[in-house]
Amino acid sequence: MATNGHSGHPMKWFKDQHAARHAYECAICLEVLKDPVQIRDCGHQFCAVCIASNLRINARCPSCRIEISEAMIFEDNAARRLIQQLDVNCCNEGCSWQGCLSSLLQDHQKNCTHGRDAVHQLDADKLEALVVKVSTLEQKLALQSLQHENEMRQMKEQHNQDLDQLRQEFNEILTVYTMRIMSAPQGNQQLLATSNFSNHQERVVTYTWRIRDFARKYHQAILQNVIGRLESEPFFSRDGYKMKLRLNLNQESIGYPGCMGIYLLLMKGDQDALLPWPFTKRFTFILVDQQNDPSQRQDIEESIVPRGERNFERPQGVENVGRGYENFVTHAILNTRGYIKNGTLFIMVVVDP
């Protein structure tokens, strides 16, 4: 069974071509993904040969145009397994065989007695393997010419990361300073904004969670149909309560399909004996819209006021069961505006004094 000259598995093989095209079509050859790979920052998938050939010409993702490199491309084994289980037909004239793609490739394709394609398939597979090796070698040679450009880009990215780190440290220092001002005698208090880097000028943000590589983790959770749990580092409220944030990227398995959930978890801390229990402070989750124009930003906010639930009692173990929103934001909304920018997501939490 010969291919149509493209890199992917021919679309005509598949019994449900609509489903195969919707879920697994390569945007370059327009066939079903063969040896699927995924771009780390944007999550787009392509045939290995297709993206290798494209990268020699243009170091950008064909779907979203972000800059990419060989180091950002990884094998998508989960997609490979799912594709191998898709139902296919033998397209040789006169052959009525049906089964999954893996059976077609491993057994039937070599043994089919209909059509001359079956006779030459083994040699065709060997030739295609050689084409992949040659393409990979050519890709490496082409990338050498881009080495200097990549080094300059990496230096720029490192500079931006360092600047973001300084901004975060500035916010943390200013938050501590604000706490000290708020605890001073009433006559000495001053009204302080959160920072020059924040759009939330009227409240003191307790914690800012920057999730790098979010886009890849999010798309992987959707593709594999798993919860995709992420947790922040522990942090403290202004009163000394120890806590952390948890995100469930894909809530389908717990009855909230198409949603991302967020939760606040109280943790066992050194100051628990000095604090009032249960925890009664109102807290607000903020999904930050990263658009450049502050006037156009539309942050997503949800608040919870504890009512003495068990989640907010003094932790006896490492941490309590979290409390939050199972449907904090839908996937459809999450992929709009500037909520995910350069593969990164920002979550803030404000705990009232």
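## Overall composition

The protein has eight helices and 14 strands. The model is predicted, with a mean pLDDT of 85 for the protein. Residues at a pLDDT of 70 or more make up 83% of the total.

Of the 353 residues in the protein, 40% are buried. The accessible surface comes to about 19,800 Å², and carbon and sulfur atoms account for 49% of that area. Among contacts with a separation of 6 or more, 58% are between residues 24 or more positions apart.

Another covers residues 180-201, with 36 contacts beyond four places in sequence.

Strand β1 spans residues 36-39 and is covered on both faces. In a regular strand, side chains alternate between the two faces of the sheet. On one side of β1 are P36 and Q38, on the other V37 and I39, and all four are buried.

β1 pairs with strand β2 (residues 45-47) in the antiparallel sense, through three bridges. In this pairing Q38 stands opposite Q45 of β2. The two strands form a hairpin with five residues between them, and in the turn G43 has a positive phi of about 80 degrees.

β1 also pairs with strand β3 (residues 73-75), again antiparallel and over three bridges.

## Salt bridges

The count of salt bridges comes to twelve. One of them joins R60 to E67, with the closest N and O atoms 3.6 Å apart. R60 is partly exposed at 32% relative accessibility, and E67 is partly exposed at 34%.

D289 and R337 form another salt bridge, at 2.9 Å from N to O. D289 lies in the loop between β11 (283-287) and β12 (300-304), and R337 in the loop between α8 (331-334) and β14 (345-351), so the pair ties together parts that are 48 residues apart in sequence. D289 is buried, with a relative accessible area of 0%, whereas R337 is partly exposed at 39%.

A salt bridge also connects the side chains of E309 and R323, at 2.9 Å from N to O. This pair links distant parts of the chain, 14 residues apart: E309 sits in the loop between β12 and β13 (323-330), and R323 is in strand β13. Both residues are partly exposed, E309 at 23% relative accessibility and R323 with a relative accessible area of 28%.

## A nonpolar surface patch

L127, L130 and V131 form a nonpolar patch on the surface. Together these residues have about 280 Å² of accessible area. V131 is found in helix α5, which spans residues 117-145. V131 has a relative accessible area of 44% and therefore counts as partly exposed, since the partly exposed class runs between the buried limit of 20% and the exposed limit of 50%.

Definitions and conventions: Residues numbered from 1 in each chain as written. Heavy atoms only, no water. pLDDT = per-residue confidence, 0-100. Contact = heavy atoms within 4.5 Å. Patch = residues over 30% accessible without salt bridge, like charges linked within 9 Å, V, L, I, M, F, W, Y side chains within 5 Å. Areas by Shrake-Rupley, 256 points an atom, 1.4 Å probe, with all protein chains shown as cover. Salt bridge = Lys/Arg side-chain N within 4 Å of Asp/Glu carboxyl O. Buried < 20%, exposed > 50% of the residue type's maximum accessible area, 1.4 Å probe, protein only. Pairing = 2+ DSSP bridges.
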